[in-house]
Amino acid sequence: MATDLEKAPEALQNLVAESDTGARQAGGLAGAAIFAASLAWALFQLWYASPLPFALGFGILNDTEARSLHLGFALFLAFMAWPAFKRSPRRHVPVVDVLLALAGAFAGAYLLLFYKELATRPGQPNTMDIVVACTGLVLLLEATRRAVGWPMAALAIVFIGYAMLGPFMPEVLQHKGASLNRLLSHLWLTTEGVYGIALGVSTGAIFVYVLFGTLLDRAGGGNYMMQVSFAALGHLRGGPAKVAVVSSALNGM
């Protein structure tokens, strides 16, 4: 019985890690790469959210470039930190995942790396553009499956299929459809698809908000707010519900 109780906290930590950090505890060079990429991502987001680029006159990125770099970091860490399957190794990163991480980082940052070239041929992608867009879209779906699960990835696939198979749909859902080149160009080479409003909100607001919340929790602020709520409301009828609302409000503020 004591052994089961001792294992409970560890099992809970593993469950939280699987949803938050991927549950991969790689050491050595791979672990250092994950740490360095995470730190670089956080520093970039703080730099982008601050007035320093404009005050110092360098490192100024427009929305498209910032979103591209944001996605590049996300795809790299998704393949490095999240195992492909439950039986995949946790203590090291397989070579395949390293290659996928590098490919995802390149595809995600493609708009940043070739911003000037893409600006000279809007709506006219070349072969490399299409290959990168197709690869990036597939890797993004796989990263989504690893981090969030099959339902979200499957939903995205359904909508991509709907865009391609419009002429074959029932009359009420029928539309002209789109060619593969047009679809990939729209999804990956413009700011109306993957690099749209949702990614912009993540780049400009969500990341720094979550980062601050994580730092506050690690510093003990979250537990302090919970204890204050318990002390003030825990003795009242419906105390747990009141505590949840107040502590959530304190964290939100």
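Student: Which side chain of opposite charge is nearest to arginine 67, and how far away is it?
Tutor: This is a predicted model. Arginine 67 is found in helix α4, residues 63-81, and is buried without a salt bridge. A salt bridge needs a side-chain nitrogen of Lys or Arg within 4 Å of a carboxyl oxygen of Asp or Glu. The nearest side chain of opposite charge lies at 4.5 Å, and it belongs to aspartate 63.

Student: Which residues does arginine 67 touch, not counting those up to four places away in sequence?
Tutor: Arginine 67 belongs to helix α4. With residues up to four places away in sequence set aside, arginine 67 touches Thr191, Tyr195, Gly196, Ile197, Leu199, Gly200 and Thr203.

Student: Is alanine 109 buried or exposed?
Tutor: Alanine 109 sits in the loop between α5 (95-108) and α6 (110-113). Leaving aside neighbours within four places in sequence, alanine 109 is in contact with Ser68 and Gly72. Buried means under 20% relative accessible area. Alanine 109 has a relative accessibility of 9%, so the residue counts as buried.

Student: What separates the C-alpha atoms of alanine 109 and phenylalanine 73?
Tutor: Along the chain, alanine 109 and phenylalanine 73 are 36 residues apart. Between their C-alpha atoms, the separation is 8.3 Å.

Student: How many aromatic pairs does the structure hold, and what is the angle between the planes of tryptophan 41 and phenylalanine 207?
Tutor: The structure holds nine aromatic pairs. One of them joins tryptophan 41 and phenylalanine 207, with 4.7 Å from centre to centre. This pair is tilted, and the angle between its planes is 40 degrees.

Student: Why does the pair of tryptophan 41 and phenylalanine 207 tie together parts 166 residues apart in sequence?
Tutor: Both tryptophan 41 and phenylalanine 207 are buried. The pair ties these parts together because tryptophan 41 lies in helix α2 (residues 28-49) and phenylalanine 207 in helix α11 (residues 197-218).

Student: Which residues do ring pairs link into a cluster?
Tutor: Tryptophan 41 and phenylalanine 207 form an aromatic pair. Ring pairs link these two and others into a cluster, whose members are Trp41, Phe44, Tyr48, Phe73 and Phe207.

Student: Which backbone oxygen does the side chain of arginine 145 reach?
Tutor: Arginine 145 is found in helix α8, residues 127-147, and is buried, with a relative accessible area of 11%. Leaving aside neighbours within four places in sequence, its contacts are Ala84, Phe85, Trp150 and Ala153. At 2.9 Å, the side chain of arginine 145 reaches the backbone oxygen of alanine 84.

Note on methods:
Residues are numbered from 1 along each chain as its sequence is written. This is a predicted model: local features need pLDDT of at least 70, side-chain atom pairs count only at pLDDT 80 or more; totals for chains, interfaces and linings use all residues. Side-chain values use heavy atoms; hydrogens and water are left out. Helices (H or I, at least four residues) and strands (E, at least two) are DSSP runs, numbered from the N terminus. Buried means under 20% relative accessible area, exposed over 50%, partly exposed in between (1.4 Å probe, protein chains only). Lys and Arg count as positive and Asp and Glu as negative; His and the chain ends are not counted. Contact means heavy atoms within 4.5 Å. Rings of Phe, Tyr and Trp (its six-membered ring) pair if their centres lie within 6.5 Å; planes under 30 degrees apart count as stacked, over 60 as edge-to-face and the rest as tilted. A polar contact is a pair of N or O atoms within 3.5 Å; within protein, one must be able to donate a hydrogen and the other to accept it, and residues adjacent in sequence count only if both atoms are side-chain atoms.
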